[in-house]
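Subject: Structure for your review

Dear colleague,

I am handing over the structure below, and after it I set out what was found. Please read the notes with the model open beside you.

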Amino acid sequence: MADHEPSRPKGAFDHRLKRMREHGMKPEYRREETEAQKNRFLNCGWGRLVFANTYQETEKLVDTLRNERPDRRDIAFYVRDPHVLVGSAPQELFLDPSHTFRLDLATYRPARNRRKGFTVRRLSSRSDAEAINELYISRNMVPVPPEFFWSDLDPRTMTVLVAEEDETGQIVGTAMGVDHNRATDGADTGCSLWCLVVSPQARFPGIGEALVRRMAEVFKGKGTPHLDLSVLHDNDLAIALYEKLGFERVPFFTVKRKNTINEALFAGPALEDKLNPYATIIVNEARRRGIRTQIIDAEGGFFRLSYGGRSVACRESLSEFTSAVAMSICDDKATTRRIVERAGVAVPDQILAGAAEDIAAFLEKHGSVVVKPARGEQGKGIAIGLSTLDEVLEAIDFARTFSNDVLIEECVAGQDLRLVVIDYKVVAAALRKPAEVTGNGRSTIRELIDTQSRRRAAATGGESRIVIDDEVQRCLQAAGHGLDDILEEGRTLAVRRTANLHTGGTIHDVTGETHSTLIEAAIRAARAIEIPVTGIDLMVENPRKPEYRFIEANERPGLANHEPQPTAERFVDFLFPLSVPQPVRTTLDRAGT
């Protein structure tokens with residue numbers, strides 16, 4: 001030891017080491033002054049938020065978690081010694097694989113510019129509550145009984161925000177905030193953010209960021225010191241957003257109870273994780289009913305369901321109950337058109353691409369045409385709104401890379417309506433809208449497309465992307481733009497004419513407002529093809545009006561993204577009628593009413 005350094009007696013720092021061992025990097029226990037500050041939890045509708053830092057006895061915390069309702073998801077937050085808690089009931093509890101992040105509200109600064117196209121506001125109506133549940137269901141989250149928002153929610157303790165599109169009034173995002181000071185009677189002074197959800201169909205960027213910022217501003221205005229949240233460790237997009245806003249990771253832990261809702265979090269990765277969303281939604285519904293599932297080939301979406309002596313092989317919504325003949329009819333668009341036309345379904349004029357003079361005459365007759373492969377799916381090789389012979393001939397050459405036979409069809413103006421038919425009943429109807437971007441006054445259209453493509457891929461499990469191809473170039477050129485143009489702030493621009501989900505399109509439920517003529521046309525087409533499960537595509541002026549033209553029939557319709565319609569439930573009903581647990585329920589029934 002150097003001469004100038006003072007000597008320290010042995011054990012001089014023992015008290016510091018002891019404090020670090022007992023308290024370092026752990027949530028503090030509050031030294032409660034009243035009984036009201038002990039063992040606190042808050043009913044959030046989807047389950048209880050349990051403030052583990054108000055529990056001094058592990059046994060009482062375990063007992064609280066054991067009292068979780070079967071249809072709810074409780075969360076023990078700020079667990080001081082998670083290894084001790086889980087070790088006390090290892091068959092019942094697990095350490096949630098989430099990170100905790102904290103935003104220091106004393107140093108937080110609001111955004112300078114407000115995002116345009118939508119408004120963030122507080123929950124204010126029953127329709128808001130229903131829309132929130134639809135968003136929860138779309139993300140496989142636990143829905144909240146609607147009456148909770150009016151009977152049990154204390155707005156001084158819980159803040160529920162929604163993001164509403166200015167143009168349509170549609171609720172496209174939500175978030176919930178909890179004031180810990182009120183929830184714990186002063187035992188904890190912070191706040192937390194839960195249930196941040198953005199609709200996969202949202203048209204405008206920045207909705208999630210706007211919800212988080214608004215929540216931070218609400219609590220900053222109350223003088224709350226910090227805002228905490230818990231996010232799954234592999235949710236890279238969400239973590240990037242939080243870090244961008246100034247959140248920092250803190251070493252606090254969350255413990256949950258082992259139940260069917262949380263199974264994916266504690267059972268580890270399974271083969272079905274490779275299933276796409278269209279197969280996953282069916283497998284999950286089957287398992288919910290106790291139907292045995294066997295994954296045949298996850299990457300291809302093949303699986304087998306077995307129940308009560310019946311075993312059915314499926315590829316997504318295509319099952320053994322769809323005949324090879326029906327499949328071959330749907331595979332050939334020209335054949336499909338002839339069969340449904342004979343059944344009295346209205347169809348557009350169509351020719352097989354051949355001599356140039358015949359193509360020119362057809363184009364002159366209709367003014368604008370559609371070119372598409374006679375065989376194919378997912379919108380590949382389709383060009384819409386072609387008005388010159390050169391455009392048509394170029395599109396034919398491209399379509400032939402997908403099919404030797406190419407069809408030319410009159411271009412019918414209107415909206416793309418998908419009707420899902422199961423057991424010759426329409427169970428869902430949705431408008432499919434082409435991919436579009438919204439300008440911010442800074443980014444090029446190419447950059448906007450790349451950003452929107454990433455958002456669509458994240459929202460659909462990689463199933464929806466916007467690929468920059470000739471169709472995008474034609475669409476932009478018709479609108480007087482190029483890829484390197486900067487789109488003015490707030491302007492929305494369609495970048496494709498095809499409304500297929502796989503090419504970046506979005507889907508919007510209109511089941512309750514679809515005209516009976518359109519429903520009858522879809523059923524008539526399905527019966528003509530003799531296909532029990534199909535997606536019928538119609539071009540309509542308005543889903544509330546009877547005018548339409550048949551476009552095509554899909555033998556393997558995607559059942560995901562049709563919330564709140566119970567497409568997967570009706571498909572499993574069709575395969576296994578005896579497995580139906582109870583009469584058909586509405587969305588509100590599924591939410592617990």
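**A pair of helices**

Helix 13 crosses helix 14 in the right-handed sense, where a crossing is left-handed if the near helix is turned anticlockwise from the far one by less than a right angle, and right-handed if clockwise. Please bear in mind that this is a predicted model, in which local features need pLDDT of at least 70 and side-chain atom pairs count only at pLDDT 80 or more, while totals for chains, interfaces and linings use all residues. Residues are numbered from 1 along each chain as its sequence is written, and side-chain values use heavy atoms, with hydrogens and water left out.

Helices (H or I, at least four residues) and strands (E, at least two) are DSSP runs, numbered from the N terminus. Two packed helices are described by the angle between their axes and the distance between the axes. For helix 13 (residues 356–366) and helix 14 (residues 389–399) the angle is about 120 degrees and the axes lie 10 Å apart; the axes are lines fitted to C-alpha atoms, for helices over the stretch in contact, and angles run from 0 to 180 degrees between N-to-C directions. Helix 13 is therefore oblique to helix 14, given that angles under 35 degrees count as roughly parallel, over 145 as roughly antiparallel, 65 to 115 as roughly perpendicular and the rest as oblique. Ala356, Ile359, Ala360 and Leu363 of helix 13 meet Leu389, Val392, Leu393 and Ile396 of helix 14, contact meaning heavy atoms within 4.5 Å.

Five strands, in the order 1-2-3-12-4, form an open sheet with mixed pairing, two strands being paired if DSSP finds at least two bridges between them. Strand 1 (41–43) and strand 4 (93–95) are at the edges with a single partner strand each, so one side of each has no neighbour in the sheet. From one strand to the next the twist averages 20 degrees. Strand 4 pairs with strand 12 (residues 253–257) in the antiparallel sense over three bridges, and Leu95 stands opposite Val255 in strand 12. Helix 2 (residues 58–66) packs on this sheet, touching strand 1, strand 2 (48–51), strand 3 (75–79), strand 4 and strand 12, and its direction makes about 180 degrees with that of strand 2.

**Strand 9 and its neighbours**

Strand 9 (residues 191–198) is largely enclosed by the rest of the structure, because six of its eight residues are buried, that is, under 20% relative accessible area, with exposed over 50% and partly exposed in between (1.4 Å probe, protein chains only). It pairs with strand 8 (residues 171–179) in the antiparallel sense over six bridges, and Gly173 has Val198 of strand 9 as its bridge partner. Strand 9 also runs parallel to strand 10 (residues 226–232), joined by three bridges, with Asp228 of strand 10 as the bridge partner of Ser192.

**Gly504 and the whole chain**

Gly504 lies in the loop between strand 24 (492–494) and strand 25 (506–509), and it counts as buried at 2% relative accessibility. Leaving out residues up to four places away in sequence, Gly504 touches Ala435, Arg456, Ser464, Arg465 and Ile466.

The protein chain has 19 helices and 27 strands, and 50% of its 593 residues count as buried.

With best wishes
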